[in-house]
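Let's take a protein model apart together, one question at a time. Have a look at the sequence and the structure first, then follow along.

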Amino acid sequence: VEDVFVEGAGITVAVIPFLDASGQPLSAKYAQGITDELVHEIMQCEGCRVVATSSIAQLAPQVSDIPTLAQKLGVQIVFEGSVRVEGSRVRVTSRMVNADGFQLWSQRFDAEADPSSIFTVQEQFASALVNRVRPQQSIVRTSEASAGPVMLAVYPTLLKAEALLEEGVESDV
């Protein structure tokens, strides 16, 4: 199938620093930590290359839209998200966006906002995000290939189908 995989060095990814939507010290710590952990987790995925955080920090104030940012960074996928803390709960909402600005996937995670276990929660969120969208195609992992236009077009549908299967909603499947 043409355009499923194209010649390249793997899937290129940028992680925009997660937004602290609560403006509280604890939510700011979660936002920074989840961003760092997400970069770390993606770097452990074969077939993925991640743009340095310093490159994103330099461009982000100048660029207000994902397609322009993706073009300037030379990436196919952008992760972005927000962190909110309310009472004793922390909520992380994350999105995976294609270079054209359309969302491929979105997920929301909730946990107890316990300052004594902040590292554990940050690692769990990042791991859950990456495990949910980790590329499984062996051709990407074993050869110098990148996801092509067809793969990027059908990937959101595959992720939605997996989520429905995990939820066990037979009628939706």
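Q: How many of the residues of β2 are buried?
A: Keep in mind that this is a predicted model. Strand β2 is largely enclosed by the rest of the structure. On one side of it you'll find Ile11, Val13 and Val15, and on the other Thr12 and Ala14, with both faces covered. So the count of buried residues in β2 is 5 of the 5.

Q: Which residue of β4 stands opposite Val13?
A: Strand β2 is joined to β4 by 3 bridges, and the two run parallel. Within this pairing, the residue of β4 opposite Val13 is Val50.

Q: Which residue of β5 stands opposite Val15?
A: β2 also pairs with β5, in the parallel sense and over 3 bridges. Here the residue of β5 facing Val15 is Phe79.

Q: How far apart are the C-alpha atoms of Cys48 and Ile11?
A: Cys48 sits in strand β4, and β4 runs parallel to β2, with 3 bridges joining them. Cys48 is buried, because its relative accessible area is 11% and the cut-off for buried is under 20%. Along the chain, Cys48 and Ile11 are 37 residues apart, yet their C-alpha atoms are separated by 4.8 Å.

Q: Is Thr35 buried or exposed?
A: Thr35 belongs to helix α1. Setting aside neighbours within four places in sequence, its contacts are Val15, Ile16, Pro17 and Phe18. With a relative accessibility of 2%, Thr35 counts as buried.

Q: Which residues does Leu38 touch, not counting residues up to four places away in sequence?
A: Leu38 is one of the residues with the most contacts inside the largest core. Leave out residues up to four places away in sequence, and its partners are Val15, Phe18, Phe79, Ala126, Leu129 and Val130.

Q: How many residues are in the second, separate core?
A: Besides the largest core of 32 residues, there's a second, separate one. Among its members are Ile16, Val63, Leu69 and Leu73. Its size is 13 residues.

Q: What arc do the buried residues of α3 cover around the axis?
A: The buried residues of helix α3 are Ile66, Leu69, Ala70 and Leu73. An α-helix has 3.6 residues a turn, so residues three or four places apart point the same way.

Q: How many of the residues of β6 are buried?
A: β6 is paired with β5 and β7. It joins β5 through 10 bridges, running antiparallel, and β7 through 9 bridges, also in the antiparallel sense. Strand β6 is largely enclosed by the rest of the structure, because its buried residues number 8 of the 10.

Q: Which residue takes a positive phi in the hairpin of β5 and β6?
A: In this strand pair, Glu80 has Arg95 of β6 as its bridge partner. The hairpin has 2 residues between the strands, and the residue with a positive phi near 60° is Gly87.

Q: Which residue in the turn between β6 and β7 has a positive phi?
A: Across this pair, Thr93 stands opposite Arg108 in β7. The hairpin has 4 residues between its strands, and the turn residue with a positive phi of about 95° is Gly101.

Technical notes. Residues numbered from 1 in each chain as written. Predicted model: local features only at pLDDT ≥ 70, side-chain atom pairs only at ≥ 80, totals over all residues. Heavy atoms only, no water. Core = buried A, V, L, I, M, F, W, Y, C linked by side-chain atoms within 4.5 Å. Buried < 20%, exposed > 50% of the residue type's maximum accessible area, 1.4 Å probe, protein only. Contact = heavy atoms within 4.5 Å. Pairing = 2+ DSSP bridges.
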